[in-house]
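Please look over the structure below before reading on. The notes that follow take up a few local points in turn.

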Amino acid sequence: MRLRFAAALVGVLVLGAASAKPARAGQAAPAQQGLRQPDVIYVPTRQTVVDAMLKVASVKAGDVLYDLGCGDGRIPVTAAQLGARAVCIDIDPRRIAEANENVKKNNVGDRVRVLNQDLFTTDISEATVVSLYLLPSLNLKLRPTLWRTLKPGTRIVSHDFDMGDWKPEQTLNVDGATVYYWTITPDLAKKAAAEVK
């Protein structure tokens, strides 16, 4: 009986995965099956800090910004208003719904994709800018992936939390918050490989 139930469940999951269609800009992608709980509680970034993050990262038309843990999508929406393309990544379906609403309200659906995915398993290799508002432990866990995956010249900007001994190129104090800024350099892929060993 248990085996029959398990086989039926696998069939349903395979059929569901096969029928899933990729999301168009401004639409949520289907939620990944079995997503875990969020790693952090949602605390919105104030718009003054968003503006400072995008300014220090020199976000402009032609950029592709990935916001890892996007919340309500305010960073990608603002990046899109600057002419960039942007991708919202969040594991929490409630945040995805809010991000979709924000994208729609600001009429930037042609430049912003919203994905209900795990930021640790999403392919971010096309990013020219990555924005973060996570926790120090999560930044450190993500750091080897950033070093290994992102092209040299990609800019990374973080609200309030650094990346351990990877010293930022700039640190700003904005409206009671700290903004950290780094650039991916060619040597970091080798450092990432050494950290994994």
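1. Cys88 is buried, at a relative accessible area of 0%. Buried means under 20% relative accessible area, exposed means over 50%, and partly exposed lies in between (1.4 Å probe, protein chains only). Cys70 also counts as buried, because its relative accessibility is 5%.

2. A word on the source. This is a predicted model, in which local features need pLDDT of at least 70 and side-chain atom pairs count only at pLDDT 80 or more, while totals for chains, interfaces and linings use all residues. Residues are numbered from 1 along each chain as its sequence is written, and side-chain values use heavy atoms, with hydrogens and water left out.

3. How many disulfides does a search of the whole structure find? The search finds zero. A disulfide here is a pair of cysteine sulfur atoms within 2.5 Å. Cys70 is in no disulfide, and its nearest cysteine sulfur belongs to Cys88, 4.2 Å away. Cys88 is likewise in no disulfide; for Cys88 the nearest cysteine sulfur is that of Cys70, at 4.2 Å.

4. Next, a helix pair. Helix 2 spans residues 47-56 and helix 3 spans residues 74-81. Helices (H or I, at least four residues) and strands (E, at least two) are DSSP runs, numbered from the N terminus. The two helices pack at an angle of about 55 degrees, and their axes are 10 Å apart. Axes are lines fitted to C-alpha atoms, for helices over the stretch in contact; angles run from 0 to 180 degrees between N-to-C directions.

5. Helix 2 and helix 3 are therefore oblique to each other. Angles under 35 degrees count as roughly parallel, over 145 as roughly antiparallel, 65 to 115 as roughly perpendicular, and the rest as oblique.

6. Which residues meet? Gln47, Val50, Asp51, Met53 and Leu54 of helix 2 meet Arg74, Ile75, Thr78 and Ala79 of helix 3. Contact means heavy atoms within 4.5 Å. By class, this contact has five nonpolar, two polar and two charged residues. Ala, Val, Leu, Ile, Met, Phe, Trp, Tyr, Cys and Pro count as nonpolar, Asp, Glu, Lys and Arg as charged, and the others, Gly among them, as polar.

7. Check Ser58. It sits in the loop between helix 2 and strand 1 (64-68). Ser58 counts as partly exposed, because its relative accessibility is 45%.

8. Phi of Asp160 is near 75 degrees, positive in a residue other than glycine. At 26% relative accessibility, Asp160 counts as partly exposed.
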